[in-house]
Amino acid sequence: MRPIPIKVLCDTATIEEPDTSGRYGDSFLPKRTIEHVYLEQNVSSVSHAWADDRSVSCVLVIDATNSTNAFSPALLSRVTVGNVVGSVIEVKEYRPYGLTHHWEVALG
């Protein structure tokens, strides 16, 4: 399966993963940036599974090949893409043929 075309991956995401070593779980690790991602704000066009889920406000698509510094963000990570800020509520990894193709990250 071919990677998602880089011309579609026109956004940059800043991700702050939760620091699980903290006593109260209210701190975050240093920010990490992933370039060449895609933020889909029309949730029903990405996945039927999220179409009726009111807690999902948008979906961030991270390509394993064409997204620079690609990784799967941890649950409850804080994600900023442009003026959109959300918290990771679910991550779906797509692995055709046993290799990671991309991640769809539901933000709430």
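**Surroundings of Ser-67 in a predicted model**

Ser-67 touches Leu-9, Ile-34, Glu-35, His-36, Val-37 and Ile-62, leaving aside residues up to four places away in sequence. Contact here means heavy atoms within 4.5 Å. This is a predicted model, in which local features need pLDDT of at least 70, side-chain atom pairs count only at pLDDT 80 or more, and totals for chains, interfaces and linings use all residues. Residues are numbered from 1 along each chain as its sequence is written, and side-chain values use heavy atoms, without hydrogens and water.

Ser-67 lies in the loop between strand S3 (58-63) and strand S4 (78-81). Helices (H or I, at least four residues) and strands (E, at least two) are DSSP runs, numbered from the N terminus. Ser-67 counts as buried because its relative accessibility is 5%; buried means under 20% relative accessible area, exposed over 50%, partly exposed in between (1.4 Å probe, protein chains only). The side chain of Ser-67 reaches two backbone atoms: the oxygen of His-36 at 2.6 Å and the nitrogen of Asp-63 at 2.9 Å.

Of the 108 residues, 34% are buried. Among contacts with a separation of 6 or more, 56% join residues 24 or more positions apart.

Mean pLDDT (the predictor's confidence in each residue, from 0 to 100) is 88 for the protein, and 87% of the residues score at least 70. Where pLDDT is low, the predicted coordinates should not be read in detail.

Definitions and conventions:
Polar contact = N/O pair within 3.5 Å; in protein donor to acceptor, adjacent residues only side chain to side chain.
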